[in-house]
Amino acid sequence: MSKTTTDSELPPATEAAAEEAAERLTTAPVESDGPTGIGALGWLRWMWRQLTSMRVALILLFLLSLAAIPGSLIPQNGQNQFKVETWKTQHTTVAPVYEKLQLFDVYSSVWFSAIYILLFVSLAGCIVPRTWQFVGVLRARPPAAPRNLTRMPVYAAWRTDADAETVNAAAHALLRRRRFRANLAGGSVAAEKGYLREVGNLVFHLSLFALLGGFAWASLASGTGGKLMVGGEGYSNTITQLDDFTGSRFYGTEDLDPFYLKLDSFKSSFQTKGDQIGAAREFTANVEYYAGSDASKLTKGTIEVNHPLEIGGSKVYLIGHGYAPVITVKNAAGEVVYTGATPFLPQDGNLTSTGVVKVSDYGDKDGKKTQMGFSGFFLPTAPLSFEGTGPISLFPGDAAPELVLNAFAGDLGTDSGLPQNVYQLNQKNLTQLQQDGQPAKARLKPGQTWELPDGYGTVTFERYQQWASFNISHRPGNEIALAGGVLAILGLVGSLFVQRRRIWVRAVALPGGGTLVELAGLARSESAKIAEELAELAVDLQDDAPATDEDPATDEDPADPGARADRGDAAGPDDGAEPGDAAGNPVDVPEADESDEASAPSDPAVPADQNSKE
């Protein structure tokens, strides 16, 4: 009978190393709880290990989520400059504080950048060494079988008349067919499967790295501009024709994508019945555009909410709409001094809109040069009376449009050279016109004319048009961030549903004849899959090692009283009996070594490193 070499015959150092490798089912780095070394170097090592720990990474990820909340609640300069200015006008007290805290530029602020850079470094410090460790695991052989296989969470054994070497070879071939990494050595087969779990972990961390990298690249090489256009207007994408522009370190005004865009018409519709009356149902901007400078390539297109138009390397988003009354102003001499569509800005969900008209070239009145200004409201659906409510719109659709105006005369301040907000009227050097002892004001329907008091001329509300505001965005890192997000989901699925598991098969020739076949399995987490897999393996192995009718636990050589105890087949404390020899005398049973694969069947899985990023 051939001699079989078992793990118990290995040198102590080799055996300890093998059992230590068998205990670890993860490639996560081991981390200490405090500073190592002396002085500054020791503290630097400790801080680095803390930064790359799971605890700190989760804290940074949580802080990043909290830091993004203001960006979703407060208008951002990079997304809609118009909304930012409107918000500042409505919140004059806290706006300066928000400016200092960079809450209007959250995603490019110093504090937000500091958080994601630290998270970036933390992920890098974990991924690089962990990847090399995993490569080493892939190149190494599966850990050898522990001495006592009965201590594994899943165990099976039977006796067969087949030769031990034949059984081990058959088990090795069977495990290979089942796509296990198997190694036949020392009279046993060690096999391992489920490496995609660790691959999923690494892919998840790498994808977060890519996600942060995409956001970082977008913040460094992106730019946004805003443009408001009334139906029939167009513009070229240059800094002189944009209403506002926000660039970045690697994207400035000279990097704007060349194209032409014209708003042909804008269509909006709202629900007119039911509980959701007034809710928006359709916003569509019909446009014409061409990229570059070749006007012969003019193309028609549509832009809807969340459906931008891509032109070159930029995307054009529809972000707002409103009404622009067409107003004509004539001076005291009957000359037309102002005519055109003037956008009014919505103030509520029913599109109650405010706006101003500035007439800088009014001319002379009573031999004195003067300027005129008008401020007021445009109401898409005006009530019959303003009593108790004031000038408000009852519905966002244009069911009963009216224009409410107040008139001022004096100096607009437009000749001072200082920039002014086109949607605000500086009344410092203006005097409101009076009519019948009251401030001059009028309610006009389309087509009506208001004769100004004191012979200042007339104001005619010709008609109204709809305007649309667009955000022109150039963000080169979006594709990288999207790919990182998809890979993160795939990696997370792999790490959650793939089970890392090991199986050992040992066939040992018995002194009394025959062969004892032992199978044991260990999984990272408590799962019935390892038990089912071991049962299927045992059934398939029966073809090459059919079981005999004898019980392997009772068929022992009387001359070897400790054999059952070494294999773990002896009666345990639950049996109410102590191991003994053939005559029934008690014998000493060797205690299990603390470095065995698992300490007890009640604790089947080896705990992972609590500080790792598993």
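**Figure 1. Helices α8 and α9 in the predicted model.** The axes of helix α8 (residues 195-220) and helix α9 (residues 478-497) come within 7 Å and cross at roughly 160°. The two helices are therefore roughly antiparallel to each other (angles over 145 degrees). Their crossing is left-handed. Axes are lines fitted to C-alpha atoms over the stretch in contact, with angles from 0 to 180 degrees between N-to-C directions. The model is predicted: local features need pLDDT of at least 70 and side-chain atom pairs pLDDT 80 or more, while totals for chains, interfaces and linings use all residues. Residues are numbered from 1 along each chain, and side-chain values use heavy atoms, without hydrogens or water.

**Figure 2. Residues at the contact of α8 with α9**. From α8, the contact includes L196, R197, F204, L211 and F215; from α9, I480, L487, L492 and L496 are among the residues involved. Contact means heavy atoms within 4.5 Å. By class, the contact has 12 nonpolar, 9 polar and 1 charged residues, with Gly counted as polar.

**Figure 3. The largest nonpolar core**. Of its 27 residues, V359, M372, F374, W450 and L452 touch the most other members. A nonpolar core joins buried residues (under 20% relative accessible area, 1.4 Å probe) through side-chain atoms within 4.5 Å. Elements giving two or more residues include β11 (314-330), β14 (353-365) and β22 (458-474). The largest share, 4 residues, comes from β16.

**Figure 4. Surroundings of W450**. Leaving aside neighbours within four places in sequence, W450 is in contact with residues including L405, A407, Q435, K441 and V459. A second, separate core of 25 residues includes A164, V167, A170 and A171.

Methods: Parallel < 35°, antiparallel > 145°, perpendicular 65-115°, else oblique. Left-handed = near helix turned anticlockwise from the far one by under 90°. Buried < 20%, exposed > 50% of the residue type's maximum accessible area, 1.4 Å probe, protein only.
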